[in-house]
Amino acid sequence: MSYYLVTGGAGFIGSHLAEELIRRGSRVRVVDNLSTGKLANLAHLPSVEFIEGDLADLEVARRAVKGVDYVLHQAAIPSVPRSVSDPITSNRANVDATLNVLVAARDEGVRRVVYAGSSSAYGNAPALPKHEEMPAAPLSPYALQKLVGEQYMAMFTRLYGLETVTTRYFNVFGPRQDPSSPYSGVISLFISALVDGRRPTIYGDGEQTRDFTYVANVVDGVLRACHTPGIGGEMFNVATGGRISLNRLLQVLGDLVGRRAEAIYEDERPGDVRDSQADIEKAQRLTGYVPTVSFEEGLARTLAWYRDQQKIGNAAR
Ligand code: UD1
């Protein structure tokens, strides 16, 4: 039975990975400092082994990696604006911790490390869709930190023969994405505003576009990245391959919720990317990845989850 470490496994994407691995009969350990993750995200997975600790401490990284076959490195402070307001804390979580995970994985002899890269690395490269050969152009500390992490991955493959693969995520959404911080993903913020009857905020003119990706597709992409032979040192996009503006997203969500949503428009965020859309040909060619849950289906599932959460919240009140 393969043994996996999911770093950041109490977070949104990490907990979905842990869930799928358990479903497949694997053994799973999670390490998380609970800075943005929550134990409640793992409450339905009692067989997951949990270590609370900060990977910016090398000893925590060594303890977490001990004895595992694969590392799925998801732990991060995943926010552009948070990195703009506090680059040092972000760097510690996104770069220092990543280097520690790599050193620990190398010394432990793990079979592969799969790293959560980010579409933010492309910045405002003018051509769409964005493909892996395009030069990186980070616009925020977050984007730069994620890029440094993926370059460390490739370097560890070259220097030490540690197998690593980077999956560049594009605006992932789905159940368990926490809408409670102003730094949360936009879909979680829009849905929670609509469901609670508040007006959502749009930063800028709302015509910026994103390739929103339902979390089940990401789980599939990461596990393919983990198990496809012969792709050590590679990096590829994991996304849906479409794009939609925020104004349109809000209309679609308003239709789904059955409530007209007037946004409050505020200034564009510094470090924000204008348009983002992935070319997913490389993921398909290397690993056979194709998105299985469409954007629309993903939105419907996500909305259903937030509604359930609201009912649970109301019932508890
Ligand atoms: C960026 C990365 C993404 C990464 C994520 C981590 C890009 C293209 N994407 O996402 O790969 O995983 O950071 O957080 O760089 N917005 C509003 N109202 C809100 C909240 C956000 O209008 O209440 C806007 C933002 O200004 C932005 C868009 O919605 O234009 C998406 O924001 P967000 O969900 O935070 O993700 P990105 O910053 O695009």
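1. As for the wording, buried stands for under 20% relative accessible area, exposed for over 50%, and partly exposed for what falls in between, using a 1.4 Å probe and protein chains only. Keep in mind that this is a predicted model, in which local features need pLDDT of at least 70 and side-chain atom pairs count only at pLDDT 80 or more, while totals for chains, interfaces and linings use all residues. Residues are numbered from 1 along each chain as its sequence is written, and side-chain values use heavy atoms, with hydrogens and water left out.

2. What does D178 pair with? Its side chain meets that of K38 in a salt bridge, 3.9 Å from N to O. The term salt bridge means a side-chain nitrogen of Lys or Arg within 4 Å of a carboxyl oxygen of Asp or Glu. K38 sits in the loop between β2 (27-32) and β3 (49-52), and D178 in the loop between β7 (172-173) and α6 (186-196), so this pair ties together parts that are 140 residues apart in sequence. Helices (H or I, at least four residues) and strands (E, at least two) are DSSP runs, numbered from the N terminus. K38 is partly exposed too, at 38% relative accessibility.

3. How many salt bridges are there in the whole structure? A search finds 22. Side chains of opposite charge can pair when their charged atoms come close. One of the salt bridges joins R106 and D107, at 2.8 Å from N to O. R106 is partly exposed at 29% relative accessibility, and D107 is partly exposed at 43%.

4. Another salt bridge links R301 and E297, also at 2.8 Å, N to O. Both residues belong to helix α10 (residues 295-316), where they are four residues apart, or about one turn of the helix. R301 is partly exposed at 37% relative accessibility, and so is E297, at 36%. There is a network of salt bridges as well, linking E20, R23 and R24.

5. Is helix α6 mostly covered or mostly open? Mostly covered: eight of its 11 residues are buried. These are I187, S188, F190, I191, S192, A193, L194 and V195. Their cover includes β7, β8 (201-203), α8 (246-257) and α10. Just after the helix, G197 takes a positive phi of about 75 degrees.

6. D196 lies in helix α6 and is partly exposed, with 45% relative accessibility. Leaving aside residues up to four places away in sequence, D196 touches R259 and Q310, where touching means heavy atoms within 4.5 Å. The D196 side chain makes polar contacts with the side chains of R198 (3.1 Å) and Q310 (3.5 Å). A polar contact is a pair of N or O atoms within 3.5 Å; within protein, one must be able to donate a hydrogen and the other to accept it, and residues adjacent in sequence count only if both atoms are side-chain atoms.

7. Now for H73, in strand β4 (residues 70-73). H73 counts as buried, at 0% relative accessibility. Its side chain has a polar contact of 2.7 Å with the side chain of T7. T7 is also among the residues that H73 touches, together with L55, T98, V101 and M153 among others, not counting residues up to four places away in sequence.

8. Which residues come nearest to the ligand? Of the 22 around it, they are P78, V186, T201, R210 and D272; to be near, a residue needs a heavy atom within 4 Å. The shell divides into 10 nonpolar, nine polar and three charged residues. Here Ala, Val, Leu, Ile, Met, Phe, Trp, Tyr, Cys and Pro count as nonpolar, Asp, Glu, Lys and Arg as charged, and the others, Gly among them, as polar. α6 and β8 each supply at least two shell residues, and β8 gives the most, with three.

9. Polar atoms reach the ligand too. A side-chain N or O atom of S118 is 3.0 Å from a ligand oxygen, a polar side-chain atom of S119 is 2.8 Å from one, and a polar backbone atom of Y203 is 2.9 Å from one. The protein covers 93% of the 740 Å² of accessible area that the ligand has on its own. Such areas come from the Shrake-Rupley method with a 1.4 Å probe; for residues, only the protein chains shown count as cover.
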